[in-house]
Amino acid sequence: MVSVVFAYDTEEYQAPFTDDATKIWADMLTKHGLKGCFCIVGEKARVLRDRGRRDIIDSLKEHEIDYHSDLHSVHPTHAEYLNELNWDDGVRRCLAEETPGIADVEHIMGQRPTAHCKPGSSWGPQVTYGMSILGLPVFADAPVEYAPGQPMWFCNQLCLKYHTSFERSMNVENRFKHMKDGFLERYESWSEGYLVMMSHPCLMLAKTFGDGLNFRDGKNTPREQWKPVPKRPKADAEAIQEAADRFLEFVAGEGIPVVTYREIYEKYKEENVWISLETALDIMRSVSGELTYHRANGLFLSPAEIFGIAAFILDGYNQSRTLPTTLPIRRPIGPTEDCVSDAPIQVNLDVFLNAASQAHQKVSFAHRVPSIIDLVGQQVTPGDFLKAAANLIRDVHAQSQPPKTVMIELAQNTPTLAEREDFKKMRIGGWLMAPGFEAHNVVAMAKRQTWTAKPAVPSNQR
Ligand SMILES: [Zn+2]
């Protein structure tokens, strides 16, 4: 059965008259017994507080509060600054700039956000990872998902795209019919998953976005020079509201399940997962053939998680000359830089095992797959190393004597998923950024982080 999420990008802080639209949506949903997910910009929460709109904040208490960045379109946006920084500095800046926004939204709205929704088209995997560190486990309006409506783990966030919008029916004849028909066309063509239908509440009352007037082409218009946001004609706004009201009544009347990001996360979260050595041996066989996510019992493991398991096993073997029988799943990020490999090379067993112990420490303490594996003066990629480690683990398990040397061949170092269309054709740019801006470095980082990607499986299907 397909469930529906109603998501609202609540961002327009330049035009006070649009504040009311958030209350209209919240009250309409409440009237029909439905819960919406309101992704709120930090500055929007602050202006609602400062404008004394307790009534709106109270209306939103019936719904889920999510997060939509601190300042939305103020430059430099996420992709603009991340493109100039290495991985660690990018994560550091994201944590520094977004922590106050999340804290304000939580404090003013009285709820801890669960999801982060990217502002416009600006994002980066460092933000995805940073939000997971800050306790926001879901990525709304993600640029990737496993399949239409099927969530995927990426950089430790549960990712779902937006699929359709109320906006597509706002400027047409017969709005209710257009909304309902467009919705049903998608809803009925799926057999499972989550159909996310979004809106910007402001567009019920405003003709356009303030961002397009004041932040286009990389410009930051000073607050005192903001161009005013044009209002929609009153009759138009009322007709949109009426159509949306009828549509929500229809959804509620049909008994279509409407869920929130928090409910989805509760179904999919993976905590304290351990696997046996037997299961790990199956995964080692699979990963030596292809660098991708692989199925372990009911779950999938990402290439980075599999790397962590291999390093854990070989570190145990390095310490005690026995293979550990129970293995914790750790969730490291993937390599953050490229590596030129010296493979094929052959090294002594001790050299390889010591490198495995160092990799194990890196996973434990830096929460990442190392970008380069150093083998006493020679270097190989983590992909080369994982393939050799997987073969070694199987050999050690199967034979009474371990091999004296380990052969490391040149292997796949970018997971197969990076070749899928959504990653392959990924671009970050557009009207908000300076003309010609393309975040090539951010896209390269995202492709590397396919090491962290895997389909999400709900706990009742494991
Ligand atoms: Zn937005």
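**View A. At 1% relative accessibility, Phe183 counts as buried.** The model shown is predicted. Phe247 is also buried, and its relative accessible area is 0%. The count of aromatic pairs comes to 22. In one of them, the ring centres of Phe183 and Phe247 are 5.3 Å apart with planes at 80 degrees, so this pair is edge-to-face. The two residues, 64 residues apart, link distant parts of the chain: Phe183 belongs to helix 7 (residues 175–189) and Phe247 to helix 9 (residues 234–254).

**View B. Tyr194 and Tyr268 form an edge-to-face pair, with ring centres 6.2 Å apart and planes at 70 degrees.** Tyr194 is in strand 9 (residues 193–199) and Tyr268 in helix 10 (residues 261–268), 74 residues apart. Tyr194 counts as buried at 5% relative accessibility, and Tyr268 is buried with a relative accessible area of 7%.

**View C. One aromatic cluster includes Phe183, Phe247 and Phe250.** Lys180 lies over the face of Phe250, at 5.0 Å from the ring centre.

**View D. Arg93 lies over the face of Tyr81.** The distance from the ring centre is 4.2 Å.

**View E. Glu11 (OE), His68 (NE2) and His72 (NE2) coordinate the zinc ion at 2.1 Å.** Glu11, in the loop between strand 1 (2–10) and helix 1 (19–31), and His72, in the loop between strand 3 (64–67) and helix 4 (78–82), are 61 residues apart. The donor residues have the sequence spacing E-x56-H-x3-H. Glu11 is buried, with a relative accessible area of 8%; His72 counts as buried at 9% relative accessibility.

Methods: Residues numbered from 1 in each chain as written. Predicted model: local features only at pLDDT ≥ 70, side-chain atom pairs only at ≥ 80, totals over all residues. Heavy atoms only, no water. Donors = N, O, S within 2.8 Å, 3.2 Å for Na, K, Ca; no water. Helix = DSSP H or I, 4+ residues; strand = E, 2+ residues; numbered from the N terminus. Buried < 20%, exposed > 50% of the residue type's maximum accessible area, 1.4 Å probe, protein only. Phe/Tyr/Trp six-rings, centres within 6.5 Å; stacked < 30°, edge-to-face > 60°. Lys NZ or Arg CZ within 6 Å of the ring centre and 35° of its normal.
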